[in-house]
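Let's take a look at the salt bridges in this one. Here is the structure to keep beside you as you read.

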Amino acid sequence: MKILIVSDSHGTNGPLRTAIMKESPDMLIHLGDSEYSHSEIAEWAGAPKTACVFVKGNCDSFSLDPSFKSDAVFTLKGHKFFCTHGHRQRVNYGLLTLSLTAQEQGCDICLFGHTHVPYDSFGDAVTEFDRYYGSDGFSASPRILNPGSISYPRGGSSRGYMVMEMEEDGRYDVKYCTIS
Ligand SMILES: [Mn+2]
């Protein structure tokens, strides 16, 4: 299955719609600061056929949707995902809190946004053993991913997103894509 991972669209929806149309995902994960109607974004993505996950960013506090949570935790094909915006884990100052929060809940994949800078690595407490086995899902430290911002990139990045292709047996591949 194809999972489209985006963050920080901040109400500028052109690039988000472009990514959705280009990728036609089976699932959409928005990591916060959408500053826009989730039902409308979900509709663009093809909900309810396309599963959609939204988490709350620091700029989303005025959302009227009561079902809107700060974190999303779910299991998919043997992988446990931790999705959060990242401001509460203070990701601008380092990823250890984020990594440990995901690890504490037994998650091996940790998705965050907020920095507007793409990131793909394993947790801070990583060992060579983790590094070796991480891609098979046996890592003690989660794979930590940030798709950057799809609307307002920072740190020399481009407007971008991530696509995760996950096989039935749980093997997965992540690629970072930019929008010209
Ligand atoms: Mn933010």
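Five salt bridges turn up here, where a salt bridge is a side-chain nitrogen of Lys or Arg within 4 Å of a carboxyl oxygen of Asp or Glu. Side chains of opposite charge can pair when their charged atoms come close. This is a predicted model, where local features need pLDDT of at least 70, side-chain atom pairs count only at pLDDT 80 or more, and totals for chains, interfaces and linings use all residues. Residues are numbered from 1 along each chain as its sequence is written, and side-chain values use heavy atoms, leaving out hydrogens and water.

**Lys-2 and Glu-23**
- Lys-2 pairs up with Glu-23, and their closest N and O atoms are 3.0 Å apart.
- Lys-2 sits in strand β1 (residues 2-6) and Glu-23 in helix α1 (residues 14-23), so this bridge ties together parts 21 residues apart in sequence.
- Helices (H or I, at least four residues) and strands (E, at least two) are DSSP runs, numbered from the N terminus.
- Both Lys-2 and Glu-23 are buried; that means under 20% relative accessible area, while exposed is over 50% and partly exposed is in between (1.4 Å probe, protein chains only).

**Lys-77 and Glu-168**
- Lys-77 and Glu-168 form a salt bridge too, at 3.0 Å from N to O.
- Lys-77 is in the loop between β4 (71-76) and β5 (79-84), and Glu-168 is in the loop between β9 (160-166) and β10 (172-178), 91 residues apart.
- Lys-77 is partly exposed at 27% relative accessible area, whereas Glu-168 is exposed at 66%.
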